[in-house]
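I'd like to talk about charged side chains and who pairs with whom. Let me put the structure up.

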Amino acid sequence: MLELAPDGFEEIDGSDWLELAAYADGACEERIRAAFTGVSVTPVDESWADRWREFHRPVRVGGLWIGPSWEQAPSGEDVVVVDPGRAFGTGAHQSTRACIELLAELERGALLDAGCGSGVVAVAALRLGFQPVVAVDLDPVAVEVARETATRNGVHLDVREADVLRDALPPADVVVANIDLGAVEALLARRPARTLVSSGYLVGRRPCANGWNVVRHLELEGWAAHVHAAVPDPARSGPRLGTRRNAH
Ligand SMILES: C[S@@+](CC[C@H](N)C(=O)[O-])C[C@H]1O[C@@H](n2cnc3c(N)ncnc32)[C@H](O)[C@@H]1O
């Protein structure tokens with residue numbers, strides 16, 4: 001839907017159904033019809049071009065104001081401006097909010113945003129005091145959008161195109177990954193940091209990985225998020241315990 005209706009769409013979850021609604025002109029309607037069955041159209045008046053903006057309301061997360069550029073950001077507050085567009089992440093989605101809430105509780109340090117989408121979490125992390133922050137996505141469009149988000153917010157963000165499950169990762173104290181359960185588990189297996197914040201899956205699911213403990217979990221409107229702490233690997237760190245006997 002992001003590709004078909006880049007100006008934004010609404011997602012409504014039912015018990016066993018999902019409705020996606022977009023304010024669409026003729027070309028957009030054609031694209032949606034070509035991609036989906038079960039499309040219905042409700043005519044709206046001429047003000048639709050502005051009304052889709054009503055979907056995108058600012059949110060307060062982790063002490064930050066996150067909202068679109070047409071909303072008046074409050075002065076004197078830490079602000080992240082992000083417009084809906086071609087990459088996931090206006091800040092309003094439950095999984096994004098949960099990640100930012102959990103980051104706000106953590107000790108600051110170097111951070112990797114694995115699967116950065118629009119870059120909203122990476123920019124929020126910079127606002128929270130994480131430094132340096134590297135944002136990575138395998139989608140070149142997301143990389144471009146994340147760079148635009150950083151510029152719009154006047155922050156320096158190192159954005160790279162890479163697959164976080166295969167490519168070399170920059171060193172980080174904290175990794176945040178709002179992708180999906182399988183990707184989070186594969187990323188945990190790579191042990192990319194001592195702390196990893198994950199989301200992108202529903203309540204009741206929890207990533208499993210050897211060598212990690214879940215130290216915190218958060219639920220937001222049906223979405224789950226976790227903080228994982230790496231169990232220290234005695235082979236890699238800590239005092240070396242051994243005995244040496246004198247040979248006499
Ligand atoms: C749900 S969006 C999250 C966007 C943003 N971080 C947020 O929380 O709002 C997931 C993003 O992860 C990216 N992604 C998925 N698998 C990936 C992988 N293996 N390596 C890098 N990025 C990946 C997708 O392209 C998408 O932009």
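E29 and R33 sit four residues apart in helix α1, which covers residues 26-35, so about one helical turn separates them. Their side chains meet in a salt bridge, with N to O at 3.1 Å. Please keep in mind that this is a predicted model. How exposed are the two partners? E29 has 27% relative accessibility, so it counts as partly exposed. R33 is also partly exposed, at 42%, because that class runs between the 20% and 50% cut-offs.

As a reminder, side chains of opposite charge can pair when their charged atoms come close.

Now for a pair that reaches across the sequence. E221 forms a salt bridge with R97, and their closest N and O atoms are 3.3 Å apart. Where do these two residues lie? E221 is in the loop between β11 (212-220) and β12 (223-230), while R97 belongs to helix α3 (residues 94-104), so this pair ties together parts that are 124 residues apart in sequence.

One more for your notes: R160 and D158 join their side chains in a salt bridge, at 2.7 Å from N to O. R160 is partly exposed at 36% relative accessibility, and D158 is partly exposed too, with a relative accessible area of 25%.

And how many salt bridges does the structure hold? The count is nine, and the pairs I showed you are among them. Happy to take questions!

Notes:
Residues numbered from 1 in each chain as written. Predicted model: local features only at pLDDT ≥ 70, side-chain atom pairs only at ≥ 80, totals over all residues. Heavy atoms only, no water. Salt bridge = Lys/Arg side-chain N within 4 Å of Asp/Glu carboxyl O. Helix = DSSP H or I, 4+ residues; strand = E, 2+ residues; numbered from the N terminus. Buried < 20%, exposed > 50% of the residue type's maximum accessible area, 1.4 Å probe, protein only.
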